[in-house]
Amino acid sequence: MFSPRRILGLESLRRRVADEMVVRVWKEMEEIGVVEVRGILQEGSFSNILESVFGSINNFNCLSLRGSEELGSMVKEGYELIAKFNLEDYFPFKFLDFYGVKRKCHKLSTKVTSVVGQMVEERKRAQELLIGENDFLSTLLSLPKEERLGDSDMVAILWVSF
């Protein structure tokens with residue numbers, strides 16, 4: 001995923017995302033007069049990572065607009081859970097979950113496994129239509145049979161990419 005050839009191959013994606021961010025800045029300046037740069041940068045970064053991992057949103061791809069929005073909300077929820085204060089981070093009370101962090105993390109993990117697993121399955125079914133795609137999921141699926149990862153490992157690696 002991070003070889004110079006792959007990074008160079010994703011240059012058009014980075015240019016498009018940067019152009020979209022510039023257009024959004026201009027639009028907000030004209031309409032509101034103030035620009036929240038942080039939100040634009042977060043969305044641009046997420047879009048870049050999302051399309052680098054799953055490919056572009058199109059009819060033949062596993063990534064739909066709904067899927068990308070759902071992944072975005074799960075990533076945001078994951079960051080909120082990581083940042084949340086949790087006594088268990090400081091004291092080994094495995095049997096207590098004072099703030100519900102463990103329960104929420106388990107629920108998020110189940111949701112991620114379902115959504116990302118479904119995207120992997122959809123891509124496997126459409127693999128012959130996507131020959132030549134330059135995203136990380138295509139790379140993982142194109143590995144030789146003896147080197148190919150199991151679905152659960154693939155879901156974990158894809159999620160960690162975010």
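**Pockets and helices, term by term**

Tutor: The lining of the second largest pocket divides into 11 nonpolar residues, three polar and no charged. Keep in mind that this is a predicted model, where local features need pLDDT of at least 70, side-chain atom pairs count only at pLDDT 80 or more, and totals for chains, interfaces and linings use all residues. Residues are numbered from 1 along each chain as its sequence is written, and side-chain values use heavy atoms, with hydrogens and water left out.

Student: What makes a lining residue nonpolar, polar or charged?

Tutor: Ala, Val, Leu, Ile, Met, Phe, Trp, Tyr, Cys and Pro count as nonpolar, Asp, Glu, Lys and Arg as charged, and the others, Gly among them, as polar. On that scheme, the lining of the largest pocket has eight nonpolar, six polar and five charged residues.

Student: And what makes something a pocket and not a cavity?

Tutor: On a 1 Å grid over the protein atoms alone, a cavity is a set of points where a 1.4 Å probe fits but cannot get out; a pocket is an open set with protein on both sides within 12 Å along at least five of seven lines, and its lining residues have an atom within 4 Å of a point. The second largest pocket has a volume of about 290 Å³, where volume is the space filled by probe spheres set on the points, joined across faces, edges and corners. Its lining counts 14 residues, with G78, I82, L108, V112 and W159 closest to the centre. The largest pocket comes to about 630 Å³, and 19 residues line it, with G39, Q42, E43, G44 and F46 nearest the centre.

Student: Which helix gives the most to the lining of the largest pocket?

Tutor: That's α3, with nine residues. α2 (11-31), α3 (37-54) and α4 (65-83) each supply at least two.

Student: How do you know what counts as a helix?

Tutor: Helices are DSSP runs of H or I with at least four residues, strands are runs of E with at least two, and both are numbered from the N terminus. By that rule the protein chain has seven helices and zero strands.

Student: Which residues of α2 are called buried?

Tutor: L13, V17 and E28: buried means under 20% relative accessible area, exposed over 50% and partly exposed in between (1.4 Å probe, protein chains only). Seen down the axis of α2, these fall within an arc of 40° (taken from the directions from the helix axis to the C-beta atoms), so they line one face of the helix. The face turned away from that buried side carries the exposed S12, R15, V23, W26 and E30. α3 is included in what covers the buried residues of α2.

Student: What about V37, buried, exposed or partly exposed?

Tutor: V37 sits in helix α3. Its relative accessible area is 46%, so V37 is partly exposed. By contrast, the buried residues of α3 include G39, I40 and G44.

Student: How much of the protein chain is buried?

Tutor: Buried residues make up 30% of its 162 residues.

Conventions:
Contact = heavy atoms within 4.5 Å.
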